[in-house]
Amino acid sequence: TSNATRCIAYANAWALLQTIVSGYNSNIAMSCLEHLCQHYQNLITGKVKEAMTTRRIAPSSPSVSSFAQLVHLYVQHFVLFDTPNNNNIIWAQLYYCLRCGNVSAALEIIQQQDLTIQTSVEPEVIEMLTQLGTADQPTNTDINGKKS
């Protein structure tokens with residue numbers, strides 16, 4: 001039943017987006033996209049912050065100052081907590097950064113990896129992210145909600 005409910009929810013979301021876009025008001029569509037991205041970014045930040053407060057997560061560095069670090073902790077502790085494959089971890093981190101509309105965090109995650117993991121990301125993907133990053137500089141939010 002959860003799959004059926006999820007399918008209905010996706011169908012409803014798709015119908016809403018089609019209705020918005022059919023009038024071709026790109027400002028409304030972009031506002032919706034920004035809202036969804038910000039909402040998901042807040043969800044990730046909230047989960048990691050709560051887990052750090054309750055000591056379920058000990059950050060790998062003394063201070064978590066970038067969204068890339070938040071996504072790393074989120075994926076490590078809430079998504080792929082039992083997956084030893086680093087290739088899966090990097091792709092999951094890239095997905096969540098892009099799901100939140102944060103291309104610069106995705107690029108930061110790639111740059112933080114060792115060379116063997118970096119080479120698992122195709123150069124075309126890195127080039128595309130670089131182009132997106134220069135075209136649209138997303139807001140980077142730290143764990144305290146401060147934008148930089």
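Helices (H or I, at least four residues) and strands (E, at least two) are DSSP runs, numbered from the N terminus. By that rule the protein chain has 7 helices and 0 strands, and along the sequence its pattern reads α-α-α-α-α-α-α. The model is predicted: local features need pLDDT of at least 70, side-chain atom pairs count only at pLDDT 80 or more, and totals for chains, interfaces and linings use all residues. Residues are numbered from 1 along each chain as its sequence is written, and side-chain values use heavy atoms, with hydrogens and water left out.

Two figures describe the chain as a whole. Of the 148 residues in the protein chain, 30% are buried, where buried means under 20% relative accessible area, exposed means over 50%, and partly exposed lies in between (1.4 Å probe, protein chains only). A contact means heavy atoms within 4.5 Å. Among the contacts in the protein chain with a separation of 6 or more, 54% are accounted for by residues 24 or more positions apart.

Helix 3 and helix 5 are a place to look at in detail. The axes of helix 3 and helix 5 (residues 103-112) come within 8 Å and cross at roughly 70°; axes are lines fitted to C-alpha atoms, for helices over the stretch in contact, and angles run from 0 to 180 degrees between N-to-C directions. Helix 3 is therefore roughly perpendicular to helix 5, given that angles of 65 to 115 degrees count as roughly perpendicular, those under 35 as roughly parallel, those over 145 as roughly antiparallel and the rest as oblique. F67, A68 and V71 of helix 3 meet A105, E108 and I109 of helix 5 in this contact. By class, the contact has 5 nonpolar, no polar and 1 charged residues. Here Ala, Val, Leu, Ile, Met, Phe, Trp, Tyr, Cys and Pro count as nonpolar, Asp, Glu, Lys and Arg as charged, and the others, Gly among them, as polar.

S66 lies in the loop between helix 2 (26-53) and helix 3 (67-79). S66 counts as buried because its relative accessibility is 7%. The side chain of S66 makes a polar contact with the side chain of E108 at 3.0 Å. A polar contact is a pair of N or O atoms within 3.5 Å; within protein, one must be able to donate a hydrogen and the other to accept it, and residues adjacent in sequence count only if both atoms are side-chain atoms. The C-alpha atoms of S66 and A105, 39 residues apart along the chain, are separated by 7.7 Å. Q69, in helix 3, is partly exposed, with a relative accessible area of 23%. Its C-alpha atom is separated by 9.2 Å from that of E108, 39 residues apart along the chain.

Q93 belongs to helix 4 (residues 86-99) and is buried, with a relative accessible area of 2%. Leaving aside residues up to four places away in sequence, Q93 touches V71, H72, V75, I109 and Q113.

The structure holds 0 disulfides, a disulfide being a pair of cysteine sulfur atoms within 2.5 Å. For C97, the closest cysteine sulfur is in C100, 7.3 Å away, so the two are too far apart for a bond. For C100, the closest is in C37, at 6.9 Å, also too far for a bond. C97 counts as buried at 0% relative accessibility, and C100 counts as buried at 4%.
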